[in-house]
Amino acid sequence: MFEPQADEKIDATFRNGSLTATGIILGFSLNFISLWVSNPNDWSRVDLLPMAFLTVGIAIQVKVFADLLARDSLLAAKYDRARRLFLIGLSIVALGMGIALLNDILGLSSMRMFG
């Protein structure tokens, strides 16, 4: 795999596009967890697993967003690390949403996603 040199930089326009995409996806993740948490139904133990995944994934996304806002994020090595971390955070959030959806479909959760 290609490893960037220590002083190699990416174009600021490219980073700005990534920052925008990261912000939009982070906003979606925060909106999902906000709506899910404000659901008036009672919580049960089965809801803790997806909530843990969502919380960890969102925390990683927030860290990546902050990393991309830093001045040194134009360094290719820092940008590549942030990109990898973002994909990990996104995958964890997606897994949490999938578990919540599966719990809802199987009737295990009292936190209803659908009606």
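Modeller: Helix 2 and helix 3 are roughly antiparallel to each other, because their angle of about 160° is over the 145 degrees that counts as such. This is a predicted model. The axes of helix 2 and helix 3 lie 8 Å apart. Their crossing is left-handed. By class, the contact of helix 2 with helix 3 holds 21 nonpolar, five polar and three charged residues.

Now helix 2 itself. It covers residues 48-69, and its 22 residues should span 32 Å at 1.5 Å a residue. The end C-alpha atoms of helix 2 are 31 Å apart, which agrees. Its buried residues are P50, M51, L54, G57, I58, I60, Q61, V64 and L68. Helix 1 and helix 3 are among the elements that cover them.

That brings in the other pair. Helix 1 spans residues 12-37 and helix 3 spans residues 76-105. Their axes come within 12 Å and cross at roughly 25°. That angle is under 35 degrees, so helix 1 and helix 3 count as roughly parallel. Helix 1 passes helix 3 in a left-handed crossing.

The residues in this contact can be named. Helix 1 brings F14, R15, S18, T22, I25, F28, S29, F32 and W36. Helix 3 meets them with Y79, F86, L90, V93, M97 and A100. By class, the contact of helix 1 with helix 3 has 11 nonpolar, three polar and one charged residues.

Conventions:
Residues numbered from 1 in each chain as written. Predicted model: local features only at pLDDT ≥ 70, side-chain atom pairs only at ≥ 80, totals over all residues. Heavy atoms only, no water. Axes fitted to C-alpha atoms, helices over the stretch in contact; angles between N-to-C directions. Helix = DSSP H or I, 4+ residues; strand = E, 2+ residues; numbered from the N terminus. Parallel < 35°, antiparallel > 145°, perpendicular 65-115°, else oblique. Left-handed = near helix turned anticlockwise from the far one by under 90°. Contact = heavy atoms within 4.5 Å. Nonpolar A, V, L, I, M, F, W, Y, C, P; charged D, E, K, R; others polar. Expected span 1.5 Å × (residues − 1). Buried < 20%, exposed > 50% of the residue type's maximum accessible area, 1.4 Å probe, protein only.
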